[in-house]
Amino acid sequence: MKVCFFDIDGTLILSHGAGYQAFARAFRDLYGVTDLTRDVPFAGRSDRAIALDLMTLHGIEATEDTWHEFQEVYLATLPETLVACDGQVLPGVEALIAQLQTMDDVGLGLLTGNVIRGAEAKLTHFGLWHHFAFGGYGDIHPHRDDIARSAVLAASDHLKLARNDDSRLVVIGDTVHDITCARAIGAYAVAVPTGFTPMDELRAANPDLAVETLEDAQALVDWLAE
Ligand SMILES: [Mg+2]
């Protein structure tokens with residue numbers, strides 16, 4: 001069996017800032033923050049880590065309770081900001097998914113810092129959610145390596161893999177964090193600079209394959225078909 005885990009933002013889609021806008025709206029409505037700092041990096045990080053860093057920077061106590069109340073407002077707002085920001089599915093994504101779905105021994109999952117309901121909102125908006133039956137999400141773990149490990153467990157569970165199954169794993173993402181978390185689970189790392197990390201920075205993290213867009217992912221398909 002082979003399992004391909006896709007990152008969402010900058011890899012499958014660009015939301016054109018819908019995630020940030022929904023974060024900003026939640027911080028404004030809940031805590032009166034009118035100017036949400038841009039000093040907390042979003043790319044490649046989990047929603048939980050981002051929200052807790054933002055709370056700390058804005059002097060809001062970061063607790064399980066504030067994390068949950070934040071999520072409720074964020075998730076209630078996200079469908080609106082997705083429409084308003086008018087994002088896009090990235091080039092080659094739909095064709096690559098369609099091609100991988102023709103391969104009997106390839107499973108498709110998600111490996112993302114988005115909370116699961118945020119991932120669902122974003123990918124439902126772009127008509128992609130139904131392609132992914134399992135994944136690792138940013139609800140619990142702040143660190144992407146742990147999200148990757150939970151994604152592997154979810155894949156094993158969903159695909160009913162034996163404990164000693166030697167599945168080949170692939171992580172496809174647009175940040176250095178995606179490459180490092182691929183290493184944490186022994187996966188083949190595919191880097192694509194369609195988010196905000198330039199190609200030279202991705203290449204410096206030594207992915208197994210780097211492509212300009214997922215339109216150029218034939219080498220991945222060939223590797224999977226070996
Ligand atoms: Mg990303």
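Thr77 lies in helix H3, which covers residues 64-85. This is a predicted model.

- Thr77 has a relative accessibility of 6%. Buried means under 20%, so Thr77 counts as buried.
- Setting aside neighbours within four places in sequence, Thr77 is in contact with Ala22 and Arg25.

**The magnesium site**
- The magnesium ion has Asp7, Asp9 and Asp174 as its protein donors.
- Asp7 and Asp174 each donate through OD, whereas Asp9 donates through O.
- These donors lie 2.1 to 2.2 Å from the ion.
- Along the sequence, the donor residues follow the spacing D-x1-D-x164-D.
- Is Asp7 buried or exposed? Its relative accessible area is 5%, so Asp7 is buried.
- Asp9 has a relative accessible area of 28%. That value falls between the 20% and 50% cut-offs, so Asp9 is partly exposed.

**Helices H6 and H7**
- H6 spans residues 144-159, and H7 spans residues 176-184.
- The two helices pack at an angle of about 55°, and their axes are 8 Å apart.
- H6 and H7 are therefore oblique to each other.
- Their crossing is right-handed.
- Which residues of H6 meet H7? They are Arg144, Asp145, Ala148 and Arg149.
- On the H7 side, the partners are His177, Asp178, Thr180, Cys181 and Ala184.
- The residues of this contact divide into four charged, three nonpolar and two polar.

Key. Residues numbered from 1 in each chain as written. Predicted model: local features only at pLDDT ≥ 70, side-chain atom pairs only at ≥ 80, totals over all residues. Heavy atoms only, no water. Donors = N, O, S within 2.8 Å, 3.2 Å for Na, K, Ca; no water. Buried < 20%, exposed > 50% of the residue type's maximum accessible area, 1.4 Å probe, protein only. Axes fitted to C-alpha atoms, helices over the stretch in contact; angles between N-to-C directions. Helix = DSSP H or I, 4+ residues; strand = E, 2+ residues; numbered from the N terminus. Parallel < 35°, antiparallel > 145°, perpendicular 65-115°, else oblique. Left-handed = near helix turned anticlockwise from the far one by under 90°. Contact = heavy atoms within 4.5 Å. Nonpolar A, V, L, I, M, F, W, Y, C, P; charged D, E, K, R; others polar.
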